[in-house]
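Here are my notes on this one, as numbered points. Have the structure open while you read.

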Amino acid sequence: MADQLLQQAQDLFEGQIDFEGQKLTEIFSTIILAITGLLAFGLGFAQGNIWFTLWIGLGGTALTFLVVVPPYPIYNENPENWLRANSGMSGSGIEVDGKKIN
C-alpha cells in the first residue's frame, strides 16, 4: 500500500508532459503575461498608482503559474513512443586511449 501511495505521489510531482504540451504551455504563458503586463501598465498609468500596477502584475504571474505549472491532462495528449533500450553497449566500437570499451 505504501508503494502505491509513493507511486501516485511520484506521478503527481514528476509532471509528465509531452513536447506539444510544452509548446502549449509556452504559448499560454506568453499570452497571459503579455496581456497582464499591458493591462497592469494601462490601469496603473490611468490610476497613477505604481502599487496597483505591481499587484496586477503579481496577480498575472500567479495566474500564469496556475495555468502552466500543474501537469494538466491537456498537456499530455500526444505522448512519445520511445524505443526500448538495448542491453548494454556491447559491440559499440568505442575506443578510449587505444582500449576498447565494452
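1. Start with the surface: Ile50, Trp51, Leu54, Trp55 and Leu58 make up a nonpolar patch with about 630 Å² of accessible area together. A patch here takes residues with over 30% relative accessible area and no salt bridge, joining like charges within 9 Å and nonpolar side chains (Val, Leu, Ile, Met, Phe, Trp, Tyr) within 5 Å. A salt bridge is a side-chain nitrogen of Lys or Arg within 4 Å of a carboxyl oxygen of Asp or Glu. Areas are Shrake-Rupley with a 1.4 Å probe, and for residues only the protein chains shown count as cover.

2. Before going further: this is a predicted model, where local features need pLDDT of at least 70 and side-chain atom pairs count only at pLDDT 80 or more, while totals for chains, interfaces and linings use all residues. Residues are numbered from 1 along each chain as its sequence is written, and side-chain values use heavy atoms, leaving out hydrogens and water.

3. On confidence (pLDDT, the predictor's own score for each residue, from 0 to 100), the chain averages 87, and 91% of the residues score at least 70. Strand S2 (residues 99-101) is lowest at a mean of 75, and H3 is highest at 97. Helices (H or I, at least four residues) and strands (E, at least two) are DSSP runs numbered from the N terminus.

4. The cut-offs are under 20% for buried, over 50% for exposed and partly exposed in between (1.4 Å probe, protein chains only).

5. Leaving aside residues up to four places away in sequence, Ser29 touches Thr64 and Val68, contact being heavy atoms within 4.5 Å.

6. The structure has 4 aromatic pairs: rings of Phe, Tyr and Trp (its six-membered ring) with centres within 6.5 Å, called stacked under 30 degrees between planes, edge-to-face over 60 and tilted for the rest. Phe28 and Tyr75 have ring centres 6.4 Å apart and planes at 55°, so they are tilted. Phe28 sits in helix H2 and Tyr75 in the loop between H3 and S1, so the pair ties together parts 47 residues apart in sequence. Phe28 is partly exposed at 27%, whereas Tyr75 is buried at 2%.

7. Tyr72 and Tyr75 are also tilted, with centres 6.0 Å apart and planes at 55°. Phe28, Tyr72 and Tyr75 form one aromatic cluster.
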